[in-house]
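This report concerns the model displayed below. Please consult the sequence and coordinates alongside the text.

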2 protein chains.
Amino acid sequence: MSNLSVGKLSAPRLQPNDHERLHGLGGALVWFTGLSGAGKSTIANLVDRRLHEGGRHTVHLDGDVVRTGLCADLGFSPGDRKENVRRIGEVGRLFAQTGMLALVAVIAPYEADRAAARARMREGRFVEVFVDAPLSVCEGRDPKGLYARARAGQLRDFTGIDAPYEPPRSPEVHLDSSGGTSAEALADRVITYLRDRGFA
Amino acid sequence: MSNLSVGKLSAPRLQPNDHERLHGLGGALVWFTGLSGAGKSTIANLVDRRLHEGGRHTVHLDGDVVRTGLCADLGFSPGDRKENVRRIGEVGRLFAQTGMLALVAVIAPYEADRAAARARMREGRFVEVFVDAPLSVCEGRDPKGLYARARAGQLRDFTGIDAPYEPPRSPEVHLDSSGGTSAEALADRVITYLRDRGFA
């Protein structure tokens, strides 16, 4: 039969180790979780820019961006949030497997959904960053006007208002983003954590 | 109010150009389409390995792999295939936007679904590679025994047997993988195409 001849019949697929050798660094998935307005995207963006300037290959997966593409078919019910977190986790895993640093800034309000994303990663490769500010502070900031709309009943299933947020119990990094520390200083803490573990 | 202070308030997010500057090459999504057994994964794997050895950052998204993760919830009905291709297209787009070369080896039997994936990419960044071998040849190879199972009625909606395959009308690269040319030589053709356009 006319097989497609291949010189090295058993040429294996590239593995995460192969990609990491090329980068000289380990891949990881860094998940910034917290309420809307807590500063997840702001801090992730600063981490992203600083590491990129240092030559690190990164990707910043923002909830708002992903919901216009990969997860455009999903809403905000518990089931849809679970699926949203699952897909983003799988994408972050694919990026991490190629040796990249995937920075995900997505609320991911349910502990079980974050745990499921963690369980798909190799040991130590899931870095949970809790961007922690009280609801009153986040609602006071309301950078996108979403809390006001939620309070007015124009948005349903809004985390912190009429949908729950389950805070991480033992995040790898816990940031107090209520306003006493600058976003740059908080980003520094994440970068230090990542450098100490060979991810940046 | 206690805002999260940021020195450069308007620090923009990294753009594809920023990532491509770091790579020194443009990102692209290369889609290997064709029947099961035509050689899509074999050729994509050879392209992947060769470019990786030359220092290019790549990702190889194989249908079988993606279906155990991101698309584990999907079957093989036309609707599920459409969604499978859509998600993989979005993931490939995310990789390409970070300056990487995303190699997708997925049947994607419907012209409209491939066109939709192409439409999401920047002009020239979607490279359709038609891995073309007749059904009789692919069925004769049957590397995974899938055609035999489909003929026996144990698999439904199998492309080429009881589900259609719509061949590309004007693929960027058209490879005759019916057996007269080695997989390495076919991979070379893809690599030449990519190098000529600054993607590798």
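The model is predicted. In chain B, five strands make up an open sheet with parallel pairing, arranged in the order S2-S3-S1-S4-S5. Strands S2 (58-62) and S5 (173-176) of chain B lie at the edges, each pairing on one side only. Averaged over the sheet and ignoring direction, neighbouring strands are turned by 15° against each other.

Helix H2 (residues 40-53) of chain B packs on this sheet. The helix touches S1, S2, S3, S4 and S5 of chain B, and its direction makes about 165° with that of S2(B). The residue ranges of these elements are tabulated here.

| Element of chain B | Residues |
|---|---|
| Helix H2 | 40-53 |
| Strand S1 | 28-33 |
| Strand S2 | 58-62 |
| Strand S3 | 101-105 |
| Strand S4 | 126-132 |
| Strand S5 | 173-176 |

The pairing of S2(B) with S3(B) is parallel and comprises five bridges. Within this pair, Asp62(B) stands opposite Ala105(B) of S3(B). In general, the strands of a sheet pair through backbone hydrogen bonds, in either a parallel or an antiparallel sense.

Turning to the two copies, chain B is superposed on chain A by a rotation of 180° with 0.0 Å of shift along the axis, at an RMSD of 0.0 Å. This is the relation of a two-fold axis. Within chain B, the C-alpha nearest that axis belongs to Val91(B), at 3.4 Å. Because 100% of the interface residues of chain B are also interface residues in chain A, the copies meet through the same surface.

Definitions and conventions. Residues are numbered from 1 along each chain as its sequence is written. Chains are lettered from A and ligands numbered from 1 in the order in which they are written. This is a predicted model: local features need pLDDT of at least 70, side-chain atom pairs count only at pLDDT 80 or more; totals for chains, interfaces and linings use all residues. Side-chain values use heavy atoms; hydrogens and water are left out. Two strands pair if DSSP finds at least two bridges between them. Helices (H or I, at least four residues) and strands (E, at least two) are DSSP runs, numbered from the N terminus. Axes are lines fitted to C-alpha atoms, for helices over the stretch in contact, and angles run from 0 to 180 degrees between N-to-C directions. Contact means heavy atoms within 4.5 Å. Copies are superposed by least squares on the C-alpha atoms of residues with pLDDT of at least 70 in both.
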